[in-house]
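Please view the sequence and the model first.

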Amino acid sequence: RIDHLNQAWEELQTLSANRHRKLDESSDYQDFLDAVEEETAWILEKQHLLSSDDHGDSLAAVQGLLKQHDAFEADLKVHHSKCAEICQAGAGLIEGGNHNKPQIEQKCE
């Protein structure tokens, strides 16, 4: 009877450890998804901005648009780095054996 109790206790501890690991993996996966979604939203917003036919109808308007575009180009470099970091994070999750591997691979394509 005591052996059975000890065995049940060990099984419970193993199940608890596995659940904790999977919850940690899920938390990391959700952080990854949030980062992907944030960058995707930024890209879509900028695609809309860049597809605009507004090229300015006065010198002041053109100068303002050029200033905005210069700011965009600086921001683009920052977001390029963020995208690289997100891809590295995804690769790290995959290499770490995250149970969401198929979904992570799909997002990294």
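The expected span of a helix is 1.5 Å times one less than its number of residues, and helices are DSSP runs of H or I with at least four residues, numbered from the N terminus. For the 37 residues of α2, this rule gives 54 Å; the end C-alpha atoms lie 53 Å apart, which agrees. The model is predicted: local features need pLDDT of at least 70, side-chain atom pairs count only at pLDDT 80 or more, and totals for chains, interfaces and linings use all residues. Residues are numbered from 1 along each chain as its sequence is written, and side-chain values use heavy atoms, leaving out hydrogens and water.

**Helix α2**
- F72, H79, I86, G90 and L93 of α2 are buried, that is, under 20% relative accessible area with a 1.4 Å probe, protein chains only.
- The cover over these buried residues includes α1 and α3 (101–108), through contact, meaning heavy atoms within 4.5 Å.
- After α2 comes G97, with a positive phi near 80°.

**Nonpolar core**
- The largest nonpolar core has seven residues: Y29, F32, L33, V36, I86, L93 and I104.
- Such a core is a set of buried Ala, Val, Leu, Ile, Met, Phe, Trp, Tyr and Cys residues joined through side-chain atoms within 4.5 Å.
- Helix α1 gives the most to this core, four residues.
- Apart from neighbours within four places in sequence, I86 is in contact with F32, A35, V36 and E39.

How values were computed
Helix = DSSP H or I, 4+ residues; strand = E, 2+ residues; numbered from the N terminus. Buried < 20%, exposed > 50% of the residue type's maximum accessible area, 1.4 Å probe, protein only.
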